[in-house]
Amino acid sequence: TRAVVELVRAINPSGKVYVVEGSAGDTADVMQHLHYTPADIPGVTGFIRLEKDSGAGGDKGSAQLVKVSLPQGLVDKEYYLNKIYKEASVLISLPCLKNHWNAVVSGGIKNVGIGATPGNIYGSYRGGYVDHTKITLHRWIRDFNLARPVSFVIMDGLQGIQNGPTPAYDVSKTSDLKQDQKNMRLIVAGRDPVA
């Protein structure tokens, strides 16, 4: 993340750069653990925690949200997005390369279709509304990406993972994360988030 911020700042030293994240737990704790702080990643305008920075629980009228109509939606016909996320000039997705027991591959849009959803609307764990166990997960991911398409993807495949999202989800496979980590030493980037 820091390397991407540095590259963006080299191209645009005066624009606004936000790190936007929503996690299954407390995003503030996750950001602290990952060193997502102004001291560790200089040049960031703000760190957006989607479960805290998108309005109060269930408040679809929050000024921090934007409602997007999606007539061609497969799951819903309207979606709520964090306003900063929706109105960004450029949206760069920074996923980790891994497979997923239901979505098959966790690629350039799965991370935003899950992690970029405002927690106050879709739940901080996203399990109630964005259910990882449903066969319709791929439809949700497709819809959410159409509501705000990703501009560019830089996928971290330096250390990939099989049997994801974590081995504990697939009891027929290994139960040790270290056995499922794959030293792939890859960075995959491009303008087509689906590819």
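Author: Asp 143 is buried, at 0% relative accessibility. Buried means under 20% relative accessible area, exposed means over 50%, and partly exposed lies in between (1.4 Å probe, protein chains only). Asp 143 forms a salt bridge with Arg 142, and the closest N and O atoms are 2.6 Å apart. Arg 142 has 28% relative accessibility, so this residue counts as partly exposed. A salt bridge here is a side-chain nitrogen of Lys or Arg within 4 Å of a carboxyl oxygen of Asp or Glu. By this rule the count comes to 4 salt bridges.

Two notes on reading the model. It is a predicted one: local features need pLDDT of at least 70, side-chain atom pairs count only at pLDDT 80 or more, and totals for chains, interfaces and linings use all residues. Residues are numbered from 1 along each chain as its sequence is written, and side-chain values use heavy atoms, with hydrogens and water left out.

Take another of the salt bridges. The side chains of Arg 49 and Asp 53 meet at 4.0 Å, N to O. Arg 49 is partly exposed, because its relative accessibility is 26%. Asp 53 is buried, because its value is 19%.

Now go to Lys 67. Its side chain meets that of Glu 78 in a salt bridge of 3.7 Å, N to O. Lys 67 lies in strand β3 and Glu 78 in strand β4 (residues 78-82), so the pair ties together parts that are 11 residues apart in sequence. Helices (H or I, at least four residues) and strands (E, at least two) are DSSP runs, numbered from the N terminus. How open are the two partners? Lys 67 is at 47% relative accessibility, so Lys 67 counts as partly exposed. Glu 78 is at 33%, so Glu 78 counts as partly exposed too.

Leaving out residues up to four places away in sequence, Lys 67 touches Glu 78, Tyr 79 and Tyr 80. Contact means heavy atoms within 4.5 Å. Leu 81 is 14 residues from Lys 67 along the chain, and their C-alpha atoms are separated by 6.5 Å. Remember one rule when you look at strands. In a regular strand the side chains alternate between the two faces of the sheet.

Step back into the loop between β2 (46-49) and β3 (65-69), where Ser 62 is found. Ser 62 is buried, because its relative accessibility is 10%. Its side chain reaches the backbone nitrogen of Gln 64 at 3.0 Å. That is a polar contact: a pair of N or O atoms within 3.5 Å, where, within protein, one must be able to donate a hydrogen and the other to accept it, and residues adjacent in sequence count only if both atoms are side-chain atoms. Ser 62 also touches Ser 54 and Gly 55, not counting residues up to four places away in sequence.

Ala 63 sits in this loop between β2 and β3 as well. Ala 63 is exposed, because its relative accessible area is 67%. From Ala 63 to Asn 82 the sequence distance is 19 residues, and the distance in space is 9.2 Å, C-alpha to C-alpha.

Thr 37 is buried, because its relative accessible area is 15%. Its contacts are Gln 32 and Phe 47, not counting residues up to four places away in sequence.

Next, some strand pairing. Two strands pair if DSSP finds at least two bridges between them. β5 and β8 (residues 152-161) pair in the parallel sense over 2 bridges. There, Ser 93 stands opposite Val 153 in β8. β8 also runs antiparallel to β9 (residues 181-190), joined by 8 bridges. Val 153 stands opposite Gly 190 in β9.

Last, the whole protein. It has 7 helices and 9 strands. Of its 195 residues, 41% count as buried. Among contacts between residues at least 6 apart in sequence, 65% join residues at least 24 apart.
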